[in-house]
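Please open the model in a viewer and display the backbone as a cartoon.

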Amino acid sequence: MEKDKFLKFLGLCKKSGKLISGDYSVEKSIFNNRTKLLIIAEDSSADKVQKYTQLSSSYNIELITCLSKEELGCAIGRNVCAIIGITDINQKNKLLSLYQ
């Protein structure tokens, strides 16, 4: 994974308004069929990982588990962030290519 490019692109996604963070907002976006990609921090609780793994399979959303809460949070201008949703298909494809 190209970690620096991945984190910088997450910041661009945030600035473009196509990134949703936080449990409630991401869940609402999933239920409204807006989310194209979920990113969960590696150090998230087992319950949170299980919850979003089930939601991603139920709603056919791709899921990435990577980085720490601090790294994800820093990339989007927060202290910590455990869950991120991407709502744009092109940004999803770019993040997946950087993740490979």
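Helices (H or I, at least four residues) and strands (E, at least two) are DSSP runs, numbered from the N terminus. The model is a predicted one, in which local features need pLDDT of at least 70, side-chain atom pairs count only at pLDDT 80 or more, and totals for chains, interfaces and linings use all residues. Residues are numbered from 1 along each chain as its sequence is written, and side-chain values use heavy atoms, with hydrogens and water left out.

**The whole chain**

Begin with the entire protein selected and coloured by secondary structure. There are 5 helices and 4 strands, and from the N terminus on they follow the order α-β-α-β-α-β-α-β-α. The radius of gyration is 12 Å, close to the 13 Å that the globule rule gives for 100 residues, so the protein is as compact as a globular protein of that length. This radius is taken over C-alpha atoms, and the rule is 2.2 Å times the number of residues to the power 0.38. Along the principal axes, the C-alpha trace spans about 30 × 25 × 25 Å.

Next, display the surface. Its accessible area is about 5,500 Å², and carbon and sulfur atoms hold 47% of that; the areas come from the Shrake-Rupley method with a 1.4 Å probe, and for residues only the protein chains shown count as cover. Of the 100 residues, 45% count as buried. Buried means under 20% relative accessible area, exposed over 50%, and partly exposed in between (1.4 Å probe, protein chains only). Contact means heavy atoms within 4.5 Å. Of the contacts with a separation of 6 or more, 80% are between residues 24 or more positions apart.

**The nonpolar cores**

Now hide the surface and show the nonpolar side chains. A nonpolar core is a set of buried Ala, Val, Leu, Ile, Met, Phe, Trp, Tyr and Cys residues joined through side-chain atoms within 4.5 Å. Select Phe 6, Leu 10, Ile 39, Leu 72, Ile 84, Ile 86 and Leu 95: these have the most contacts inside the largest core, which has 21 residues. At least two residues of this core come from each of α1 (3–16), β2 (37–40), α4 (69–75), β4 (83–86) and α5 (89–99). The greatest contribution, 5 residues, is made by α1.

Centre the view on Ile 39. Setting aside neighbours within four places in sequence, its contacts include Phe 6, Leu 10, Ile 64, Cys 66, Ala 82 and Leu 95. A second, separate core has 9 residues, among them Val 26, Ile 30, Ile 40 and Ile 83.

Select Leu 72, which lies in helix α4. Leu 72 is buried, at 0% relative accessibility. Beyond neighbours within four places in sequence, Leu 72 is in contact with residues including Leu 10, Ile 39, Ala 41, Cys 81 and Ile 84.

Move to Leu 38 in strand β2. Leu 38 is likewise buried, with a relative accessible area of 0%. Not counting residues up to four places away in sequence, Leu 38 touches Val 26, Tyr 52, Ser 56, Leu 63 and Gly 85, among others. Leu 38 and Leu 55 are 17 residues apart in sequence, and their C-alpha atoms lie 9.8 Å apart.

Most residues other than glycine have a negative phi. Which value does phi take at Asn 33? Select this residue, and the angle is near 55°, a positive value in a residue other than glycine. Asn 33 sits in the loop between α2 (23–31) and β2 and is exposed, with a relative accessible area of 54%.

Proceed to Asn 60, where phi is also positive, near 55°. Its place is in the loop between α3 (46–58) and β3 (62–65), and Asn 60 is exposed at a relative accessible area of 73%.

End at Asn 93, in helix α5. Asn 93 is partly exposed, with a relative accessible area of 41%. Draw a C-alpha to C-alpha distance from Asn 93 to Lys 36: the two are 9.4 Å apart in space and 57 residues apart in sequence.
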